[in-house]
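Subject: Structure handover and notes

Dear colleague,

Here is the structure I promised to pass on to you. Please open it alongside this message, as the notes below are meant to be read with the coordinates in view.

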Amino acid sequence: MSDRSLDAPELSVIIPVGARHADLEELYADYRRGLALTGKSFEMVFVLDGALPKENAALEQLSARGEPVSIVRLTRRFGESTALMAGFQSTQARVILTLPAYQQIEASEIGKLVRAVEGSADLAISHRWPRAGSAWERFRRRIFHRLIARATGQPYRDLGCAARCMRRRVLEELALYGDQHRFLPVLAYRQGFRVVEIDVRQSARDRFDGGYRPREYVHRALDIFTVFFLTRFTKKPLRFFGMVGAVTLGLGLLLNLWLAVEKLALGHALADRPALLLGSLLMVLGMQVFALGLLGELIIFTHAREIKDYQVEEIIEFSGDDAKQDGSRKEDDARLPRRPSPYLG
Amino acid sequence: MAQRPKLSVCVPFYNEEQSIEPLHAAVVEALEPLGVPFEMVFVDDGSRDNTLAIAAQLAQRDPRVRVVKFRRNYGQTAAMAAGIEAARGDVIVTMDGDLQNDPRDIGAFLELIDQGYDIVVGWRHDRQDKLVSRKIPSRIANRLIAKVTGVPIRDNGCSLKAYRATLIKRIPLYSEMHRFIPAVAWIAGPRIAEIKVRHHARKFGTSKYGLSRVYKVLLDLMVIKTVASFASRPMLWFTMLSLPMLVLSAAALTYTASAILVKQHLSLPIAGSGLVFFTSALLLVCAGAVAELIYRLGDLREVEFSALTQNVQVRRASAALRKMS
């Protein structure tokens, strides 16, 4: 182990700062109090997603005061997943905590998440409970999570909460991109990590100002779509697309056959029958969908040896005289000294 | 490290704490008289009971045992694939962890592999399972599999199988394919033998499968059949798929063109569906081109499969060449 990792903190906190954020100084003080309760040494990595001069100045002041704050500045807005990964590059601790840039949970509850990861969990996500909000909001949330559970088979109750704690391995193995940070638990579970959901108290400041705009609904619907394809398509594309394609193609064929029979046997003219177009379009659509599934399956097939759908935790074998069980155990801190971040000056 | 084993016995375990020690003892008892260096690869498929602890203990007592520990339960195909990957022998034998297969049969498997077969499959001719829920569906599934793949195996579900390591390590295993590895391996044209094996009733634990698997097997089978037949010439395959559409659209478009020429009344549905089919055929050909690209970038080409099982006869003088094959 290198010298650098010896004085590494026990906790690394990543805070991506995007469009929606609270006053950073206040936020820092808040989180700091919460982290102090855990009794662990920590560092805090703020990722400024886009040009945020005012926030930058505030953070630099904190840093000048000797607070354990690192700042990663991105040149334009890359989105939260990329911001998280960029921040992750310059963390050192074995336990990573991601926190939102505005108060979602009571800072004093952070310890609960950390303790869960020190136990058997690889990833602890928070569930704000009890939770404020109108009946309509509660209903909307229920529907959303029910649909996600349907698609993934994993019942999560609060995917919207960004306060999560995880072992370093989790982020090392999952290269997040796009909107995937929201589904970190889904992806982590699929990768074979143990995920737990922990009830935490909601911050008094985390109240929702105004209703959701229609755009938000579109986003959430797309989220569900994404998760559905992440979990279904990436494993057995032809099983899914093949089914859909075959059914569509079959319907189109039947319709066209029926039209042909009517034309030949009953003498109904084919011209000016929109049903003919419908039948043809269905056939075409079915074929295309099937072809897509085939392409997906081909990718999986030709890369089956790289895309493993299992994760080996360790291989236990005979280790000579001083029989130690974890002789060949791969420890996650073996990889600790990380390359220097390209984002830090 | 001891000498490299010739034989690897891969056994996936899922909640089989009572079976694992008797199985280890039975394998050792059956294989030691054969005088073949062997190893056992136990794959713990995320068991919730003591399976892993017992397996780890065995590994500390017996250097021939290695235990692959999964992060969680991934299913039998994954367990088999992991076991096969971890195996170091020239011959790989897979079997169930529930003591229903008899390790005393392994000797016969080895003999057949030595005779030149690439895959040897066990046939539970005297199967000790329930008739309606297990035997009948499996018989139907086996018939179908044999029909579709053209590999006449009477019992695909029997886990006791032996493979030449060079072959099985190159066959892609994913989804639920462990039930018909021979059918998948068919893409490499292996020499397959089938022999009768003993089958015992389950002593411990519970069976982990129900009727629902037959449906999955059939779906998977169709996928494999499709992919295997199309993988190496995707362009051709897609073009064949688009051919009926091309014919249809050609007919429709010719008709429309001639109608225009003789200044007849134009039929919109015919012209329209002609165009639609034409577009679709073009798109399919494009998909074929993309598939060709994927295949070329992938790492499973037919040449490699053929190399797994080929016989090469060369002139005496070029001994160096023979080594290369």
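What follows is an account of what was found in it, going from whole chains to single residues.

Please bear in mind that this is a predicted model, in which local features need pLDDT of at least 70 and side-chain atom pairs count only at pLDDT 80 or more, while totals for chains, interfaces and linings use all residues. Residues are numbered from 1 along each chain as its sequence is written, and chains are lettered from A and ligands numbered from 1 in the order in which they are written.

The two chains

Chain A contains eleven helices and eight strands, and chain B contains twelve helices and seven strands; here helices (H or I, at least four residues) and strands (E, at least two) are DSSP runs, numbered from the N terminus. Of the 345 residues in chain A, 37% are buried, and for chain B the figure is 44% of 325 residues. A residue is called buried if 20 or more other C-beta atoms lie within 10 Å of its own, exposed if 12 or fewer, and partly exposed in between, with C-beta atoms placed from the backbone.

Among contacts with a separation of 6 or more, residues 24 or more positions apart account for 81% in chain A and for 80% in chain B, a contact being a pair of residues whose C-beta atoms, placed from the backbone, lie within 7 Å.

The domain assignment, which is an automatic or database one, divides chain A into domain 1 (3-232) and domain 2 (237-302), with their C-alpha centres 45 Å apart. For chain B the assignment gives domain 1 (7-227) and domain 2 (234-299), and there the C-alpha centres lie 46 Å apart.

Helix pairs and the contact between chains

In chain A, helix 10 (residues 237-266) and helix 11 (residues 274-302) pack at an angle of about 160°, with their axes 7 Å apart; axes are lines fitted to C-alpha atoms, for helices over the stretch in contact, and angles run from 0 to 180 degrees between N-to-C directions. That angle makes helix 10 of chain A roughly antiparallel to helix 11 of chain A, since angles over 145 degrees count as roughly antiparallel, under 35 as roughly parallel, 65 to 115 as roughly perpendicular and the rest as oblique. By class, the contact of helix 10 with helix 11 of chain A has 23 nonpolar, ten polar and one charged residues, where Ala, Val, Leu, Ile, Met, Phe, Trp, Tyr, Cys and Pro count as nonpolar, Asp, Glu, Lys and Arg as charged, and the others, Gly among them, as polar.

The contact between the chains takes 38 residues from chain A and 44 residues from chain B. On the side of chain A that touches chain B, the elements giving two or more residues are helix 10, helix 11 and strand 8 (312-317) of chain A, and helix 11 of chain A gives the most, with 16 residues. That side of chain A divides into 22 nonpolar, seven polar and nine charged residues.

An enclosed helix and a buried strand residue

Helix 4 (residues 80-89) of chain A has eight of its ten residues buried, so it is largely enclosed by the rest of the structure. The buried residues of helix 4 of chain A include Leu84(A), Met85(A) and Phe88(A), and the buried set packs against strand 1 (11-17), strand 2 (42-49), strand 3 (69-74), strand 4 (95-98) and helix 7 (168-173) of chain A.

Strand 2 of chain A also holds Met44(A), which is buried, with 27 other C-beta atoms within 10 Å. Leaving aside neighbours within four places in sequence, Met44(A) is in contact with Val13(A), Ile15(A), Pro68(A) and Val69(A).

Backbone points to check

Most residues other than glycine have a negative phi, and most peptide bonds are trans. A cis peptide bond, with omega about 0°, joins Trp129(A) and Pro130(A), and Pro130(A) lies in the loop between strand 5 (123-128) and helix 6 (135-152) of chain A.

In chain B, Asn15(B) has a positive phi near 50° and is found in the loop between strand 1 (7-13) and helix 1. Leu99(B), which is not a glycine either, has a positive phi of about 70° and is found in the loop between strand 4 (91-94) and helix 4 (106-114) of chain B. Asn15(B) is buried, with 21 other C-beta atoms within 10 Å, and Leu99(B) is buried with 21 as well.

With best wishes

Notes: Two residues are in contact if their C-beta atoms, placed from the backbone, lie within 7 Å.
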